Amino acid sequence: YQRPHPPIAVAGIGPRSDMLTLAGERDWIPMSINIVTPATLKAHWETYAASSAQAGRTADRAIWRVSRDIYIGETPEQARRDVLDGVLGRDWRDYFLPLLKKNNMLIGPKLDPAMPDDAVTLDYLCENLWIVGDVEEVTQKLRDLYTTVGGFGTLLVIGHEWQPEEKWRRSMELLMTEVVPRMADLEASIGSG
């Protein structure tokens with residue numbers, strides 16, 4: 001048993017997420033969903049930190065979890081082909097994009113809210129939201145994301161029913177053995193606020 005309760009984590013979608021406000025008020029773990037831009041991620045943290053402060057606590061970025069679709073291939077070109085022609089592309093084309101459109105939430109992945117809905121294509125997502133490439137490119141994209149949002153404690157990689165499975169396993173292995181060690185210096189830069 002843990003007091004006052006086991007760890008509770010909740011995910012936010014909108015920039016001023018009610019769930020992240022509640023998380024800050026109740027000292028729960030904030031998570032940010034994979035379908036939003038870095039600007040929305042920054043707003044997620046601001047929302048959580050403000051509600052934590054109102055509850056008399058200092059928010060700690062080390063507990064913040066940020067979700068992303070990540071795939072690492074041997075080359076940037078091969079990685080893009082694998083995701084666009086594979087399960088990640090299928091899941092976004094057949095599930096996420098129709099769901100977001102139906103629920104008037106297609107604003108989530110837009111870097112510019114004024115861009116038309118039909119501009120949110122798989123190619124757009126691959127270049128602007130997903131973190132796809134070889135080891136060097138993925139490392140740089142993750143560093144850029146980390147810097148842009150001001151730091152976070154845990155990266156959550158979204159899982160898909162990857163086929164062929166060996167490519168997914170290889171991507172995860174490269175993330176663990178090649179990318180994460182290249183980012184170890186960022187752990188020391190996480191602070192509150």
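Q: Which residues lie nearest the centre of the largest pocket?
A: In this predicted model, local features need pLDDT of at least 70 and side-chain atom pairs count only at pLDDT 80 or more, while totals for chains, interfaces and linings use all residues. Residues are numbered from 1 along each chain as its sequence is written, and side-chain values use heavy atoms, with hydrogens and water left out. A pocket is an open set of points on a 1 Å grid over the protein atoms alone, where a 1.4 Å probe fits, with protein on both sides within 12 Å along at least five of seven lines; lining residues have an atom within 4 Å of a point. The largest pocket has 14 lining residues, and those nearest its centre are Gly153, Leu155, Val180, Met183 and Glu187.

Q: Which helix gives the most to the lining of the largest pocket?
A: Helices (H or I, at least four residues) and strands (E, at least two) are DSSP runs, numbered from the N terminus. Helix H6 (135-149), strand S6 (154-157) and helix H7 (165-182) each bring at least two residues to this lining. With three residues, the top contributor is H7.

Q: How many charged residues are in the lining of the second largest pocket?
A: Asp, Glu, Lys and Arg count as charged; Ala, Val, Leu, Ile, Met, Phe, Trp, Tyr, Cys and Pro as nonpolar; and the others, Gly among them, as polar. The lining includes Arg68, Glu127, Lys141 and Asp144. Beside six nonpolar residues and one polar, the charged residues number four.
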